[in-house]
Every structure is written in C-alpha cells, then in structure tokens.
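Please look through the sequence and the structure below before reading the briefing. The points that follow are grouped by topic, so that each can be traced in the picture.

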Amino acid sequence: MPKPLQPHEYPRRILLCVTGLSPQIVTETLYALAVARIPPFIPTEVHLLTTTDGARLAKAALLHPDGGHFHALLHDQPQIGSPHFDEDCIHIISHHQEKLADIRTPAENAAAADTITALVAQLTEDAGAALHVSIAGGRKTMGFYLGYAFSLFARPQDTLSHVLVSSPFEGHPDFFYPPRQPRRLVTRDGHHIDTAEAVVTLAEIPVVRLRHGLPATLIAGRAGFSETVAALQQSFAPPRLLIDLKQRNVTCGTTAVTMKPQLLAWLAWWATLARQGRSETAWREADAGLFLDIYRSVVGVDAIDYEKAAELLSHGMEKEFFQTKNAKMERVLKDALGPAATSYLLVTTGKRPHTRRGLSLPPDSISIVGANCE
C-alpha cells in the first residue's frame, strides 16, 4: 500500500490568508512556510480573502511592480519559485453583490461567513491539492469564520496556522519578512531595529475535521455558512422520520429529503413495518401488497406508474426489485444527509442466506401522514 502523501508533497499546494489592513501577513506566512519550516511547504498558488480596503493595500504593498514585497520575497528567496498570485487571487467579501470596505454589521458578518465558506469549499474540492490556511490577519470574526470553515471542509492533507512575528517587528508597517540582506527600520518611538533580529515562526493549529459530517450535496455545492453548520448539527440531533404521503414529503430530523414517488413509498413501507413491529424482513418475506397499498396512497390507483408496479409485483416481490430499491434509497439518503443518514438506513442482521433487513429507528420516532395501511 503506497504511503500517503505529506502536505508538502502534493502537486498543487495552496496558501490561503485572510487580511485586513496588514498585507504583511501574506509574505510573513509565505516566508515561514517556505523558508523557516522544515520540511518547507512551498505554495504553487496564493489566495487572499479581504475587503476592498484590504485589497487596495495588498495590491500596492505586495503586487505593485515597483517594490511589491511579494515579488521582492521571491527574488530574495529563489527556492520559493513563482507561486501564482495576482489580482484574480484576491477575493473580496461582498454583500448583495456589493464589495465591502469593512465588516461591521451583523448582515456584513453573515456575508463574510458565506464568502469564506464558499471559497474554502472550492479550494478543498481538488483531491490533488493540499491547502494551508492562515488566520493571522483581518478582523477577529474573519479569522474565526475562516478557522471554522477550515474545520468543516479540511481533509487530512490540509493545515491551519497563525504566523508569529517577534517584537518589535510585529505590526511594523515596513516589515514584511526577514530579508536575506538585513535592513535597519525605525519604530514609532524613534528606535532603530535590525531585521536580522526578527524571528518569524508558524504556529500550526490542530483542528477537529468535520468534513465527514457534511452531506455530499453541500460539499459539492456552494452552501452558505449557516446552512452548512445546520447540516452538520443535524448529524448530532436525535433521529426523527416524518413521511407525508399525500404531500410527497420526507423529513429526516429537520432536513427535507427529495425522493421520487416510488422511492418515497419504499421508505414509507419500511417505516410502516418498523411501526408495526415487523422491522426486519427478507425479500422472500416481503409484503408486496402492503408496499402497493402505500404506493397507491402516494400516486393514486389510476396512475400509470402504479399500474406498472402492481403488474410487476402481482406474483410477489423479486430479489432484484428488493435490492435495487434498497440501494437507491440508501444513496439518496446519504447524499442528502451525509453521516446523519446512518439512523435512517436499513441495518442487516443474520448471515447469508438468511439475512434480514430493517430500519433501526424506534417506532415512536416515526410518523407517517396520509397512510391507510397501518
């Protein structure tokens, strides 16, 4: 079995920073990762999350062709190479399609959370990439949201850190990294300091990775922060199953699950068996008549699909029908609920050829509306 890649061994290596009015965070973090760290993590691309004011400062201080400190760092430390970082890599937080100069109101904080969540989800899509996130800059809420989003989406190869700069260099407007050729700087109180004495280190932050608790639909999509947290919280909530046959609705806990009518009836069939104390069954014992009664409650007796199903099951339920419906139901529930689906999946008991399946939900946690078959 091949040994798992370490973060610095991935072909695509991404650095994501959050900044406010201190663009130095980018070069300080890049220096700490690529020069001071052993083994070095040398990004192939750099991304920045900020406001319009932060973007303006970053462009001037880091990317300007005349003295931009990002370019100066690459020239000073050639082993870093040329990671991709330009204006397109600066992501500005927006609210109602308006880019924000600052984050002050509750609505602006919510917009920041959504922007950060969407970007972290996007940057963790590529299995061939390792993401390093720095939460050193920006307002405290920005760092919190970025750290939280990292916890939600991070994979084993992704890492989180805070860059530490020794005093009196921390926050100094002219300090961006320790240059190979030391420089003399002047502090606000008029003291001269030597950059040769500056120490830049990286404090890597251990996190609880919660990605496995997210439904696949949220990982693949662009859900907002609140929606993503709610979906994760669902996996910790007591399971409850509500099926409304007339309205064709399925709710697992607090999450609505979209199902085609026949699959909805199939889940309702299993739920009915559980409520009747017949939770475990095998395809040989499957009650095709009960399933058809439930399906009729969903689509009506005159529906063409019902007539086809009644004809197909007129001589009982075949093994292929039984297994196919179980597999489809499991796939839909897992896609919608992620690990929270476990409580709503069929469990298998016994050994072949006498295996039996059924819902493990307690009968009092199941509600079926519009059924005439219980």
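The structure shown is a predicted model. In its largest nonpolar core there are 45 residues, and apart from that core lies another one, of 39 residues.

**A buried serine**

- Ser161 has its place in strand E7, which covers residues 159-165.
- With a relative accessible area of 0%, Ser161 counts as buried, because the word is used here for residues under 20%.
- The side chain of Ser161 makes a polar contact with the side chain of His132, at 2.7 Å.
- If residues up to four places away in sequence are left aside, Ser161 touches His132, Val133, Ser134 and Ile135, and also Leu202, Ala203, Glu204 and Ile205.

**The nonpolar cores**

- As a general background, nonpolar side chains tend to be buried together in soluble globular proteins.
- Within the largest nonpolar core, which has 45 residues, the ones with the most contacts are Leu241, Trp269, Phe291 and Leu333.
- The elements that give two or more residues to this core include the strands E11 (241-244), E12 (249-252) and E16 (366-369), as well as the helices H8 (261-275), H9 (288-299), H10 (304-312) and H11 (319-337).
- Helix H8 provides the largest share of this core, namely 11 residues.
- Trp269 touches Thr281, Ala286, Asp287, Leu290, Phe291, Ile294 and Phe322, not counting residues up to four places away in sequence.
- Apart from this core lies another, of 39 residues, and among them are Ala34, Val163, Phe175 and Phe176.

**Helices H2 and H3**

- Helix H2 (residues 52-63) packs against helix H3 (residues 69-76) at an angle of about 30°, and their axes are 5 Å apart.
- H2 is therefore roughly parallel to H3, since angles under 35 degrees are counted in this way.
- Where the two meet, Ala61, Leu62 and Leu63 come from H2, while His69, Phe70 and His71 come from H3.
- The residues of this contact of H2 with H3 divide into 4 nonpolar, 2 polar and no charged.

**Helices H8 and H11**

- H8 and H11 pack at an angle of about 100°, with 10 Å between their axes.
- These two helices are therefore roughly perpendicular to each other, a description that covers angles from 65 to 115 degrees.
- On the side of H8 the contact is made by Gln262, Leu263, Trp266, Leu267, Trp269 and Trp270, and on the side of H11 by Phe321, Phe322, Lys325, Asn326, Lys328, Met329 and Val332.
- The residues of the contact of H8 with H11 divide into 9 nonpolar, 2 polar and 2 charged.

Terms used. Residues numbered from 1 in each chain as written. Predicted model: local features only at pLDDT ≥ 70, side-chain atom pairs only at ≥ 80, totals over all residues. Heavy atoms only, no water. Helix = DSSP H or I, 4+ residues; strand = E, 2+ residues; numbered from the N terminus. Buried < 20%, exposed > 50% of the residue type's maximum accessible area, 1.4 Å probe, protein only. Polar contact = N/O pair within 3.5 Å; in protein donor to acceptor, adjacent residues only side chain to side chain. Contact = heavy atoms within 4.5 Å. Core = buried A, V, L, I, M, F, W, Y, C linked by side-chain atoms within 4.5 Å. Axes fitted to C-alpha atoms, helices over the stretch in contact; angles between N-to-C directions. Parallel < 35°, antiparallel > 145°, perpendicular 65-115°, else oblique. Nonpolar A, V, L, I, M, F, W, Y, C, P; charged D, E, K, R; others polar.
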